[in-house]
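Reader: I am new to this structure. Please take one part of it and look at it closely. Which contacts should I look at there, and what does each term mean?

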Protein chains: 2
Amino acid sequence: MRLHTLTIVGVGLIGGSIGQAVKRRGLAARVLGIGRHQASLDAALGRGAIDEAHLDLEIAARQSELIIFCTPVDAIANQVLAAAAVCPPGTLLTDAGSTKAAILRAVDGRLPGGIAFVGSHPLAGSEKRGPQHADPNLFEGRLTLVTPTAATDPAALERIIQLWKSLGSRVRVMDPDDHDQALALTSHLPHLVASAMAGILPPDFRELTASGFRDCTRIAAGDARIWTSIFIQNREAVLSALGLFTHRLADFQKALESADQAALAQLWSQAKQVRDALGS
Amino acid sequence: MRLHTLTIVGVGLIGGSIGQAVKRRGLAARVLGIGRHQASLDAALGRGAIDEAHLDLEIAARQSELIIFCTPVDAIANQVLAAAAVCPPGTLLTDAGSTKAAILRAVDGRLPGGIAFVGSHPLAGSEKRGPQHADPNLFEGRLTLVTPTAATDPAALERIIQLWKSLGSRVRVMDPDDHDQALALTSHLPHLVASAMAGILPPDFRELTASGFRDCTRIAAGDARIWTSIFIQNREAVLSALGLFTHRLADFQKALESADQAALAQLWSQAKQVRDALGS
């Protein structure tokens, strides 16, 4: 894949890393960055993540072959529609949002002819924020989920798959609803659990935490705004994952209440087997 | 602190690390290691954690000034009593167990005259096991909790505090019940939560996990036997910490069910503030 002009909307950790990866791999002659704050844009410029910075999405949309939206999930659909309204035909749009179904429902059927949007979600990132933490190798060996719908143009899908592969990622194609169900369990629930656990720590117990508590709650340091919007967009799937989790907690509680050593050992061993299979 | 003979009972990650730290810092002329399996003892000898290996606790107990029990929490009290029965007067005993009240209740008032046991808990360790993961710097800058009771001899307490400081640790003196209440929340609950979350992951979702899920569940890879015994020994405090946690989960659930963005943002921000204060 070799583009003339690529635009990244939202130059935070993910957007900045995409820009650095694109430039390091020579995938685009020009990378434009769009942001709401000049300071983030300047940081992205300084980190070599973008060549030009703009506060106005439409200026960039008019001159791009490909636009990647790396903004909070509740902003993506409106930005996609705004950009699509002014893009030249043939422009390809994708995103990096952690939810997919709500975005696709808001976009599908509302794009002008010749403009394609394909949903994506790279499973990369961290509790850190901002272009100062961007990493051109962030996608190397990671998995990106690409989520076509019945409305998706097969050629556009193929180009987006190639884009992520060009950035070093593996790609798996998934149905958007399946994506949201799975990610509710593998990503959104852990964030909720980490926040619930961090939230109940009394200040005078802080020095009594060791690596277990710190590992387990690390992602609670994520951005409140971003995670609130993910929870809201995917709330039914998150509620169902939370139901599964509280059910398993109740199994632990029952085993503890009855001091049932065998039941506890069984719950623990099964969990250890799963965790061991994940690797470090 | 400078000892002639120190014995470590249980030469796993913690026991092996104590042995390496003692030898590197020249705190004892001879370090004896006690284990149930020759293979672990050989590994500890090979890693320079001990000078001599024995399968029989009593042989070592007869010739030690200080014995540290680094065995599963449900084994410690019986081993302390067995060692105390054959130790010369003046021998000092301590442990590294993750629970304190049950051990102290089982030991207090049952030691021969001239033998002192002081409970300890170094907040160090990981999901890894065995002397092959021992690290002489494991206690450097970490906190060790020392938990005297009304029966504890002040001179013995002072020597145990000095021991941990000599190994590079900071020391905080705590009541054993307060210790168990606090650790239920800061250590035992995270292990339970990590296990519950790892346990509900379907095999086909494994490749959909990223660093959030992995961090959050890392400690579920801990040893099932060791953690089952910790949960059983501290089950009332763990149940009460679990109650606090499920109450907070219910707050999240309620906010999600009513799509209450402000309540979610508030829960999230409060948790982020706590987590940010903990540092990495």
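Author: Start where the two chains meet: 6 salt bridges are found across the interface of chain B and chain A. A salt bridge here is a side-chain nitrogen of Lys or Arg within 4 Å of a carboxyl oxygen of Asp or Glu. The model is predicted, so local features need pLDDT of at least 70, side-chain atom pairs need pLDDT 80 or more, and totals for chains, interfaces and linings use all residues; side-chain values use heavy atoms, without hydrogens or water. Residues are numbered from 1 along each chain as its sequence is written, while chains are lettered from A and ligands numbered from 1 in written order.

Why do such pairs form? Side chains of opposite charge can pair when their charged atoms come close. Take B:Glu207 and A:Arg172: their closest N and O atoms are 2.4 Å apart. Another salt bridge joins B:Arg170 to A:Glu207, at 3.6 Å between the closest N and O atoms. This pair crosses between chains, from strand β8 of chain B to the loop between α7 (176-199) and α8 (211-217) of chain A. Helices (H or I, at least four residues) and strands (E, at least two) are DSSP runs, numbered from the N terminus. B:Arg170 is partly exposed, at 43% relative accessibility. A:Glu207 is partly exposed too, at 36%. The cut-offs are these: buried is under 20% relative accessible area, exposed is over 50%, and partly exposed is in between (1.4 Å probe, protein chains only).

Now B:Arg218 and A:Asp215. Their side chains form a salt bridge, 3.3 Å from N to O. B:Arg218 sits in the loop between α8 and α9 of chain B, and A:Asp215 in helix α8 of chain A. Both residues are buried.

Compare a salt bridge inside one chain. B:Glu52 pairs with B:Arg30, with the closest N and O atoms 3.0 Å apart. B:Glu52 is in strand β3 (residues 52-54) and B:Arg30 in strand β2, so the pair ties together parts of chain B that are 22 residues apart in sequence. B:Glu52 is partly exposed at 27%. B:Arg30 is partly exposed at 21%. Over all chains, the whole structure has 26 salt bridges.

Next, the extent of the interface. 84 residues of chain B are in contact with 84 residues of chain A, where contact means heavy atoms within 4.5 Å. About 7,600 Å² is buried between the chains, and carbon and sulfur atoms give 70% of that area. Buried area is the accessible area (1.4 Å probe) that two parts lose on being put together, summed over both. The interface also has 26 residue pairs in polar contact, both residues at pLDDT 80 or more. A polar contact is a pair of N or O atoms within 3.5 Å; within protein, one must be able to donate a hydrogen and the other to accept it, and residues adjacent in sequence count only if both atoms are side-chain atoms. Among the elements that give two or more residues to the chain B side are β7 (143-147), α9 (224-233) and α11 (261-278). Helix α7(B) gives the most, with 15 residues.

One residue of that helix is B:His191. B:His191 is buried, at 8% relative accessible area. Leaving aside neighbours within four places in sequence, B:His191 is in contact with A:Trp268, B:Ile219, B:Trp227 and B:Phe231.

How do the copies relate?

Last, the nonpolar packing. The largest nonpolar core has 128 residues, and A:Phe245 and B:Phe245 have the most contacts inside it. Such a core is a set of buried Ala, Val, Leu, Ile, Met, Phe, Trp, Tyr and Cys residues joined through side-chain atoms within 4.5 Å. Not counting residues up to four places away in sequence, A:Phe245 touches residues including A:Leu189, B:Met197, B:Phe245 and B:Leu249.
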